[in-house]
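This report looks at how the parts of one protein chain are placed against each other. Please keep the sequence and the structure in view while you read.

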Amino acid sequence: MNKRILIIDDDPDVILFLSTLLEDNGYRTLSAQNGREGLKLIESERPDLVLLDLMMPQKSGLSLLSEMKGRDELKEIPVIMVTGVAGETGIEFESFLDKKPGTSAGPALFRPDGYVEKPVDPDKLLALVKEVLK
């Protein structure tokens with residue numbers, strides 16, 4: 001059975017790129033364009049993996065990640081953040097995740113299972129997906 005990967009990103013071009021890449025490598029994909037729509041698909045479809053954008057309207061990636069990891073029925077679904085935060089803010093994502101909860105830089109209550117920066121390196125993403133799904 002092919003693994004199902006849910007792509008949640010507000011950029012349709014990113015969804016198209018990621019879904020094509022993953023499907024060409026044997027995965028099945030679902031997609032959502034915001035966090036609320038993504039959460040509904042996570043609840044109904046229970047994907048094997050979620051690729052999650054950080055900055056989106058309606059529900060941010062961090063908010064969705066926190067909600068998933070706080071719920072028993074969803075916390076085991078692995079999440080890879082796919083983010084352009086470094087290019088947009090100048091802040092490296094890894095250092096953002098290392099901030100202590102409650103600091104002015106924002107709480108990092110839950111860490112994703114991995115992350116890749118936009119623009120996405122296809123080989124790096126595929127290697128990370130394989131590692132997370134094994």
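In this predicted model, the buried residues of helix 2, which spans residues 35–45, are Gly35, Gly38, Leu39 and Ile42. Around the helix axis they cover an arc of only 100 degrees, which means that they lie on the same side of helix 2. Lys40 and Ser44, on the other side of helix 2, are exposed. What do the buried residues of helix 2 pack against? They pack against strand 1, strand 2, strand 3 and helix 3 (61–69).

Strand 1 (residues 4–8) is largely enclosed by the rest of the structure, because five of its five residues are buried. Both of its faces are covered, with Arg4, Leu6 and Ile8 buried on one side and Ile5 and Ile7 buried on the other. The chain passes from strand 1 through helix 1 (residues 12–24) to strand 2, and this β-α-β crossover is right-handed.

| Partner of strand 1 | Sense | Bridges |
|---|---|---|
| Strand 2 (residues 28–32) | parallel | five |
| Strand 3 (residues 49–52) | parallel | four |

Note on methods:
Residues are numbered from 1 along each chain as its sequence is written. This is a predicted model: local features need pLDDT of at least 70, side-chain atom pairs count only at pLDDT 80 or more; totals for chains, interfaces and linings use all residues. Side-chain values use heavy atoms; hydrogens and water are left out. Buried means under 20% relative accessible area, exposed over 50%, partly exposed in between (1.4 Å probe, protein chains only). Helices (H or I, at least four residues) and strands (E, at least two) are DSSP runs, numbered from the N terminus. Two strands pair if DSSP finds at least two bridges between them. A crossover is right-handed if, with the strands pointing away from the viewer, the path from the first strand over the helix to the second runs clockwise. The arc is that of the directions from the helix axis to the C-beta atoms. Contact means heavy atoms within 4.5 Å.
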